[in-house]
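Open the model in your viewer and keep the selection panel at hand. Each stop below says what to pick and what is there.

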Amino acid sequence: MIAEHLPALQVVLPLVAAPLIVLLRRDTAAWLVATLVSVAAFGIAVALAIAVADAGAISYALGSWPPPWGIEYRVDALSAFMLVLVAGTGALVMPYARASIAAEVSGHQVYLFYAMYCLCLAGLLGIVITGDLFNIFVFMEISSLSTYVLIALGRQRRALLAAFQYLIVGTIGATFYVIGIGLLYLVTGSLNIVDVATRLQDVTEVRPLLAALAFITVGLGLKLALFPLHQWLPNAYAHAPSVVTTFLAATATKVSVYVLIRFYFLVFGHAFALDGLPLRSLLVGLSAVAIVAMSLVALFQPDLKRMLAYSSVAQIGYITLGLGLANAAGLTGSLAHLVNHGVTKGALFLLAGGIAFCCGSTSIADLRGLSRRMPWTAFAFVVAGLSLIGVPGTAGFTSKWFLVEGALENGQPWIVALIVASSLLAVAYVWRVVEAMYLVALPDAPAPAQASTAASMLMRASTAVSVALTVVLGFVTAYNVGYARRAVALLLEGIS
Amino acid sequence: MSAETIVVLAPLVPVAAAVLAALLHRWPNLREAASVAAAIMLIACLVALLPSVLAGARPAVRFPEMLPGLAIAFEVEPLGLLFALIAATLWLPSIFYSLGYLRANGEAHQSRFFACFALSIASAVGIAFAGNLLTLFLFYEALTLVTWPLVTHHGDEEARRGGRTYLALLLGTSTLFLLPAIVATWVYAGTLDFVPGGILRDRVSPGVATLLLLLYAFGIGKAALMPFHRWLPAAMVAPTPVSALLHAVAVVKAGVFSVVKVVVYVFGLDAAGADFTPLVTVAAFTLLAASVVALRADNLKRRLAYSTVSQLAYVVLAVALIAPLSVVGAALHIAAHAVGKITLFFAAGAVYTAAHKTRVSELNGIGRRMPWTFAAFGVASLSMIGLPPTVGALSKWFIVGGAWQADNVLALAVVVLGTLLSAGYLLPIVHRAFLRPAAAGGAAHGEAPATMVVALVATAALTVTLVVFPDVPLALARGLVAR
């Protein structure tokens, strides 16, 4: 009985939890509810993924209104993969949030953080699971509005500016998206993804479709921080509370990429979407600039969180690059990198949060001699940094492998050169931090106040799990590469 | 215990030693004892594999797939076993030498040193046993990363700069050239396994094969072909035991070993259509140019480093001739150079520890104060030049034979000229040490601590022993070209 309604529960559970938390108001209770909901959502996502792997795609008619009239929730190989990523990130950061949020957010706002987090989680999961174009917009607004608040919770006043910046850009992005689906609705008279895709096959007047494609690409490009539409991201990541940065870095941009992939392959069809407009060369070109230029910018950032933020823009470039390559290997690399980068960057931001928690600063100059003060954190940073570089034996390597393979299969060796050159830049910016941590002693470094409370133990546990994942996923690739390949099979089958 | 179990166990032994080194931080003697025990166990493991591998068996282990169709896999073949044996055998004296050196010079972070040292050996064994290119690449990169803390051991500005050059060149070449070459091999050949006879034959056009060959040769930066050799002199900021074991044995030999392995098992001895002339030319140039630099270097470790660059080029040159005899010579030279060069570095470190001297020009008459050290230095120099009664003569014999076999007069001339140059940069040191009068004044000193002297005499003795009993290395080297 319950199993049948899991797709609805996936979204409803965190959605209901948000007002409940506002009613409870107590910090501990709020945290407990948010954590339980995150863990439950992760459980549901895993259950759905298993069900999809066993029995194929699940279509769930919300309120029993059959699609295309009612809203359909659709769980297939691709969305199950994303649900696990989003819910898994939530379940991983919530134990960490207890101590970190208490330290970084003003006391009377703590319960609001948990409420907003639950809304954001509901929004992101909703975007992934829904099979309805307008419903995607609704969930996108839920997640975006809560994200603005989450970013604004940052302690520095600059967080407000960062949130405002993201608010403007995000709103433009969402508006473009609505214009795009408006055009699609105009042409097909439907909003259900499967239905729209079927009806589009008979459409002969392509001009409005091209306009829709352009609007949707730009709108989602803003949300996923596709270079050069990334300006909002570094500020937002640098000034938001650490937990928020981690959660957003691992999920929000990834979900936007996911929507874009769905549009290209499952709505418009690959041939039309990538060749109707010169999107193939556009995506490859912009991604190529992103992975090299943004890595260079990262190299010169004085602050750890900002450096990681710019690195994120570069890494998103890898993901869109695979999309532009548009062959099986490239797409596998893209989708695998959604997980690999999510896990890796998540781990790095959790570590940065831990450093901020103990030392009160994430400026790279203040990291000098950190290997003495926080040996485990410093070592974990090296491990996660290796995955960011893409050293074999880490998660980051597997996606890089497929991207290089995809570029070679397309006969584009210059892309191979760019990919490997950008990993070298990653070596440079990661090693700048490693050198500071290990090779420069700070003469009178005060030992950090090791408040070894239960809450900070939870922080360490979360961080340890995420760092361990960056290595485990480098060797056991069934859950990143394996699922990515299954999803790619679905995408390429969807090519009309 | 089955051969397969030993294959899995062998790389884990040094990993265990690394963990113990970290855990036994407070008890230095116990910590070093653990390393010694591990070295002996590792040698025992490798010796146990010897009979079956010589008999033609190839003990193999496959782990679950890492990428679709690509698994981490070990397969022990003669060359790999030879390389692993060299690394393990020389690890043992290095431990004794290191403990003498580190304690006499009051170095910090000794536990970190021994742990990273053991991990380097584990990576080297992983490279030696690699059954496909992916596994080789994995351990190759691991070796770069675990040796970085050793190179930057002193933590000062000079060490940081050296460490940066080290990482930039080694990771740079492997990422820019080696990884694309491996992925391209995967795309063209559909496999990355090491197969006797090669996997590229009939799969690629001659032009692509030549391009791939160059990508491999330069991508394996640890082989120190010019112009990507500068990491090796830069790595000399490390404490001398590191220079000795890693930058004369484990790391650089991992480089030339990988080149030999790729040539023999990816291209095959019939070359898969690739044109080897560019590689021969680059190796010949590196061989001579590095010798000339060594001739002019006054800093002893720098001179030895450039000598290493030049000697590595012998191995690459020999294998690039792809004549059966020269490939045997390449394999033997990996062994011959290892025992010779480690002795020379041991001696350089002993001089630094006992007399605090680092320059060749300061060594006048020092042989009379440190007779054991410089006797060993002399013997190792003979091996380096390729004179009997040392093992260097054996490998050079095969290389020269291979040059004849390949009908390559140019290579022959280069080898002869290189030999003269190596005599030119090594013998004057021996001459100074024994025959020039010592400069007046200077603190009185004798030999370095006993553990160091014992280690360097042992490795010097090995250069002679290997000529008297060449059966094992020779059989392994021949196993490489036997079908």
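Start with the largest nonpolar core of this predicted model. This core holds 409 residues. Select Leu83(A), Cys118(A), Ala87(B), Val316(B) and Leu317(B): they have the most contacts inside it. In soluble globular proteins, nonpolar side chains tend to be buried together.

Stay on Cys118(A). Leaving out residues up to four places away in sequence, Cys118(A) touches Pro14(A), Ala17(A), Ala18(A), Ile21(A), Ala34(A) and Val37(A).

Next, show both chains. Here 21 residues of chain A are in contact with 21 residues of chain B. On the chain A side, select helices H17 (395-409), H18 (413-439) and H20 (478-493); each supplies at least two residues that touch chain B. Which helix gives the largest share of that side? H18(A) does, with eight residues. By class, the chain A side has 13 nonpolar, four polar and four charged residues.

Move to chain B and pick helix H2, residues 28-54. H2(B) has 27 residues and spans 39 Å from its first C-alpha to its last, close to the 39 Å expected at 1.5 Å a residue. Color its buried residues, among them Arg31(B), Glu32(B), Leu42(B), Cys45(B) and Val53(B). The buried residues of H2(B) pack against H1 (3-23), H3 (78-104) and H4 (110-129) of chain B. Just after H2(B), find Gly56(B), with a positive phi of about 105°.

Go on to strands E1 (residues 60-67) and E2 (residues 70-75) of chain B. They run antiparallel and are joined by five bridges. Glu65(B) stands opposite Ala71(B) in E2(B). The hairpin has two residues between the strands, and Gly69(B) takes a positive phi near 80° there.

Now for the backbone exceptions. Most residues other than glycine have a negative phi, and most peptide bonds are trans.

- Phe227(A) to Pro228(A): a cis peptide bond, omega near 0°. Pro228(A) sits in the loop between H8 (207-223) and H9 (232-239) of chain A.
- Pro388(B) to Pro389(B): also cis, omega about 5°. Pro389(B) lies in the loop between H14 (371-385) and H15 (391-405) of chain B.
- Ala326(A): a positive phi of about 55°, though not a glycine. Look in the loop between H13 (304-325) and H14 (328-359) of chain A.
- Asp407(B): a positive phi of about 60°, again not a glycine. Its loop runs between H15 and H16 (409-435) of chain B.

Is Ala326(A) buried or exposed? Ala326(A) counts as buried, because it has 25 C-beta neighbours inside 10 Å. Asp407(B) has 10 C-beta neighbours inside 10 Å, so Asp407(B) counts as exposed.

Note on methods:
Residues numbered from 1 in each chain as written. Chains lettered and ligands numbered in written order. Predicted model: local features only at pLDDT ≥ 70, side-chain atom pairs only at ≥ 80, totals over all residues. Helix = DSSP H or I, 4+ residues; strand = E, 2+ residues; numbered from the N terminus. Expected span 1.5 Å × (residues − 1). Buried ≥ 20, exposed ≤ 12 C-beta atoms within 10 Å, placed from the backbone. Contact = placed C-beta atoms within 7 Å. Core = buried A, V, L, I, M, F, W, Y, C linked by C-beta atoms within 7 Å. Nonpolar A, V, L, I, M, F, W, Y, C, P; charged D, E, K, R; others polar. Pairing = 2+ DSSP bridges.
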